[in-house]
Amino acid sequence: MSLQQEINKRRTFAIISHPDAGKTTLTEKLLYFGQIIRSTGTVKGKKTGKYAASDWMEIEKKRGISVTSSVMSFPYHEFHVNILDTPGHEDFSEDTYRTLTAVDSVVMIIDSTKGVEPQTIKLFKVCRMRGIPIFTFINKLDREGREPLELLSEIEEVLGIESYPMNWPVGSGKRFLGIYDRFNDQFVRFKGDEEEEVFPISEIANHGLADEPVYQDTLGEIELLEEAGNEFTTERVQKGELTPVFFGSALANFGVQTFFDTFLQFAAQPQPRKTDQGLVEPEKDQFSGYIFKIQANMNPAHRDRIAFFRVCSGKFERGMSVNLSRTNKTIKLNQTQAFMAKDRDTVDEAYPGDIIGIYDPNIYQIGDTLIEGKGQYHYEELPQFPPELFKRVQAKNVMKSKQFRKGIEQLVQEGAIQLFRQELNDSMILGAVGQLQFEVFEYRMKAEYNVDIEFTSLGERIPRWIKSEKFEKRFFDSRSMLVRDRFGAYAVLFENEFTLRYFLENQKEIELVDLLEEN
Ligand code: G4P
């Protein structure tokens with residue numbers, strides 16, 4: 001198969017959602033369609049403490065940590081699917097955001113009983129900023145949810161993206177009859193027990209649906225959508241300006257396969273990526289890509305690290321020599337790992353859109369570019385994300401300050417955590433987007449640098465960067481703390497929305513920017 005054909009069939013995406021919206025359940029269904037697991041419906045929530053009896057979870061258990069689910073890769077119909085996990089809950093970290101730089105499309109799950117929730121908004125913003133196509137799956141239709149029209153307008157208003165419902169639910173909860181598939185002109189009847197019946201809209205009358213009051217309501221709503229709704233164009237979907245919306249139930253396996261099939265049809269194939277020398281097309285013969293995440297200590301028995309590498313152009317072949325742009329060193333890529341490819345652990349070849357795991361003997365950094373032969377460009381730097389949690393940090397034992405500084409410097413450079421210095425007293429403050437980052441930091445400082453550290457929490461803070469060149473330092477205090485980031489740029493850590501607003505109203509001459517929007 002030619003490079004072009006390999007590219008055309010690849011679909012690399014992430015599923016984003018607020019915890020409990022149904023990401024695990026939906027992912028499990030997709031793995032089932034891809035024949036990665038043999039049965040579904042076995043995922044039991046974390047509340048019961050029981051894990052899935054599926055092969056997928058078995059693999060995870062054996063490896064001791066959710067390594068395999070970081071990237072799930074499998075063939076499906078004419079496609080090659082790569083699903084990248086975006087850890088939520090306690091595992092939420094900058095890696096969750098960075099993973100979004102390595103995908104070409106995103107599936108956003110919304111719980112129909114809850115609507116748009118905070119973590120979804122955060123992840124959505126990153127996708128929007130990068131112009132990634134977003135597909136929406138509104139889940140849990142088997143429960144009494146909110147009105148579909150209300151959910152759509154919430155998506156449009158809160159997230160600021162236009163929507164196009166590909167199908168429309170007829171009733172919900174106990175009165176859930178099925179979905180009116182506008183896109184394929186058919187009706188999918190909900191029969192429970194993972195069963196559905198499909199027939200053309202023209203045959204509705206033969207199936208006793210025409211007289212159902214909820215069906216009559218639906219017809220009214222669909223008419224409204226036809227007249228006042230947005231227009232569907234593939235181009236706007238691919239630019240991330242319009243999100244196709246699907247209704248269904250992951251748990252009941254209802255509407256999931258139609259969603260998946262239609263999604264794969266419209267989801268973007270591997271896209272060109274920006275470098276300091278312009279765009280690099282995936283079709284370019286020279287193999288290249290970049291590291292978007294480094295996972296340390298994946299196997300507690302070894303101290304090895306795996307670098308997650310997104311192939312951006314050309315064909316990867318095991319054993320090939322590549323140039324690490326940052327250091328201009330040549331490296332032979334022998335120890336590479338595929339994720340969830342059947343029957344093998346080592347990856348021999350990979351194509352644009354694929355993610356490979358590269359054994360890292362401590363030489364890589366997040367954002368590193370690797371190019372076949374003599375490469376001369378760098379993929380664009382991964383954006384920094386505004387941290388939300390802050391802690392002051394110091395070594396327990398002052399005698400260890402040398403190792404302490406070295407450890408911090410290296411871990412910060414690697415992208416494990418962000419470092420700030422308080423202007424007033426030069427003390428060190430760490431910033432993270434998730435609690436886990438502090439725990440990993442503490443653990444690695446001990447394990448790798450033999451330093452015990454001490455945190456003092458500053459709690460949640462809202463960081464803003466100062467754009468103005470000149471300003472007076474006397475305006476700042478502990479509630480609006482003046483700090484410098486690791487590049488020396490001034491920022492302010494506000495205690496809460498109130499102090500931020502107060503500052504904005506009273507210090508109009510100081511211009512502040514939110515890093516996320518600026519990037
Ligand atoms: P997450 O990965 O996004 O956190 O969500 P997960 O799939 O674990 O689902 C969260 C809960 O929502 C689970 O229940 C799951 O069974 C349920 N769920 C997922 N999809 C649907 C759906 O389409 N309909 C309904 N009714 N429920 C759904 P749990 O309470 O954590 O587990 P359990 O106690 O129900 O087993």
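An oxygen atom of the ligand lies 3.1 Å from a polar backbone atom of Leu251. Taken alone, the ligand exposes 710 Å², and the protein buries 84% of that area (accessible areas come from the Shrake-Rupley method with a 1.4 Å probe; for residues, only the protein chains shown count as cover). The structure is a predicted model, in which local features need pLDDT of at least 70 and side-chain atom pairs count only at pLDDT 80 or more, whereas totals for chains, interfaces and linings use all residues. Residues are numbered from 1 along each chain as its sequence is written, and side-chain values use heavy atoms, with hydrogens and water left out.

A backbone N or O atom of Gly22 is found 3.0 Å from an oxygen atom of the ligand, and an N or O atom in the side chain of Thr25 is 2.5 Å from a ligand oxygen atom. There are 20 residues around the ligand, of which Asp20, Lys23, Thr24, Thr25 and Ser249 come nearest (a residue is near a molecule or strand if one of its heavy atoms lies within 4 Å of it). Helix H2 (residues 23-33) supplies the largest share of this shell, 3 residues.

The secondary structure of the protein consists of 13 helices and 30 strands (helices, H or I with at least four residues, and strands, E with at least two, are DSSP runs numbered from the N terminus). Of the 519 residues in the protein, 55% are buried (buried means under 20% relative accessible area, exposed over 50%, and partly exposed in between, with a 1.4 Å probe and protein chains only). The accessible surface of the protein is about 24000 Å², and 46% of it belongs to carbon and sulfur atoms. Among contacts with a separation of 6 or more, 71% join residues 24 or more positions apart (contact means heavy atoms within 4.5 Å).

Helix H7 (residues 213-228) has 16 residues and reaches 23 Å from its first C-alpha to its last, close to the 22 Å expected at 1.5 Å a residue (the expected span is 1.5 Å times one less than the number of residues). Its buried residues are Val214, Tyr215, Thr218, Glu221, Ile222 and Leu225. These residues cover an arc of only 115° around the axis, which puts them on the same side of H7 (the arc is that of the directions from the helix axis to the C-beta atoms). An α-helix has 3.6 residues a turn, so residues three or four places apart point the same way. The buried residues of H7 pack against helix H6 (148-159) and strands E6 (162-165), E7 (167-170), E8 (178-181) and E9 (186-190). The face turned away from the buried side of H7 carries the exposed residues Pro213, Glu223, Glu227 and Ala228.

Pro244 is placed in strand E11 (residues 242-247) and is buried, with a relative accessible area of 1%. Leaving aside neighbours within four places in sequence, Pro244 is in contact with Ile134, Phe135, Thr136, Tyr164, Met166, Phe232 and Val237.

Ser427 occupies the loop between strand E24 (418-422) and strand E25 (428-432). Because its relative accessibility is 17%, Ser427 counts as buried. The side chain of Ser427 forms a polar contact of 2.8 Å with that of Arg392 and another of 3.0 Å with that of Asn425 (a polar contact is a pair of N or O atoms within 3.5 Å; within protein, one must be able to donate a hydrogen and the other to accept it, and residues adjacent in sequence count only if both atoms are side-chain atoms).
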